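Look over the sequence and the fold, then read on.

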Amino acid sequence: MPKIVADMHIPPAFRRWGARLALAMAIAIAIGYVPGQVVRRDPRAAKLEAQLAELAAEAREVAGRNAALRREIAALRTDVTAIEDRARADLGMVYPDEIVLRLPEEPEPQELAPPPPASQGAP
C-alpha cells in the first residue's frame, strides 16, 4: 500500500523569505519609531531646562554683584579716596573749612488731570 502524504509541506525558500520579511518589517518599525521617541521632548523637561537657564542667568548676575562688592570692600580697606567718598555720601561728613549748601529738591511735575465731572441731580 502506498503511503499518502499530505501536501502541507511549505518549501524552505518561502519560509526563509517570510522570516526575512518579518525581520525587515520589525527593523523598519524600530527605525521609524525609536528616533521619534528620542527626538520627542517631555514638556516637563523643557520647563525644567527653562528654569535652569533662568537660574544660571540669575547666578551670573549675583556673581557679578558679589565681585563688585568684593572690589568695593578691598577699596574701603586700602583706598583713602574711597573711604572719604563713602563717609561723605553715607554719613554727610565734611572738612571743617568747607561750606555746605543744602538745596531743596525740585518737585516732580504733576500731570494735568481733567476736572471732575459735575454731579447731576445735586440740588
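Arg-65 and Glu-61 are joined by a salt bridge, with N and O 3.5 Å apart. The term means a side-chain nitrogen of Lys or Arg within 4 Å of a carboxyl oxygen of Asp or Glu. By this rule, the count is 5 salt bridges.

The model is predicted: local features need pLDDT of at least 70, side-chain atom pairs count only at pLDDT 80 or more, and totals for chains, interfaces and linings use all residues. Residues are numbered from 1 along each chain as its sequence is written, and side-chain values use heavy atoms, leaving out hydrogens and water.

**The pair in helix α2**
- Arg-65 and Glu-61 are 4 residues apart in helix α2 (residues 43-78), so about one helical turn separates them.
- Helices here are DSSP runs (H or I, at least four residues), numbered from the N terminus.
- Arg-65 is partly exposed, at 47% relative accessibility.
- Partly exposed lies between buried (under 20% relative accessible area) and exposed (over 50%), with a 1.4 Å probe and protein chains only.

**Arg-88 and its partners**
- Which residue forms a salt bridge with Arg-88 at 3.3 Å? The partner is Glu-84.
- Arg-88 and Glu-84 are 4 residues apart in helix α3 (residues 80-91), about one helical turn.
- Each is partly exposed: Arg-88 has a relative accessible area of 29%, and Glu-84 has 29% relative accessibility.
- Arg-88 also forms a salt bridge with Glu-98, where the closest N and O atoms are 2.9 Å apart.
- Arg-88 lies in helix α3 and Glu-98 in the segment after α3, so this pair ties together parts 10 residues apart in sequence.
- Glu-98 is partly exposed at 33% relative accessibility.

- Side chains of opposite charge can pair when their charged atoms come close.

**Rings**
- The charged end of Arg-20 sits over the ring of Trp-17, 4.7 Å from the ring centre.
- This label requires NZ of Lys or CZ of Arg within 6 Å of the ring centre and within 35 degrees of the ring normal.

**A nonpolar patch**
- Leu-23, Ile-27 and Ile-31 make a nonpolar surface patch of about 310 Å².
- Patch residues have over 30% relative accessible area and no salt bridge; nonpolar side chains (Val, Leu, Ile, Met, Phe, Trp, Tyr) are joined within 5 Å, like charges within 9 Å.
- Accessible areas come from the Shrake-Rupley method with a 1.4 Å probe.
- Ile-27 lies in helix α1 (residues 12-39) and is partly exposed, with a relative accessible area of 45%.

How values were computed
Helices (H or I, at least four residues) and strands (E, at least two) are DSSP runs, numbered from the N terminus.
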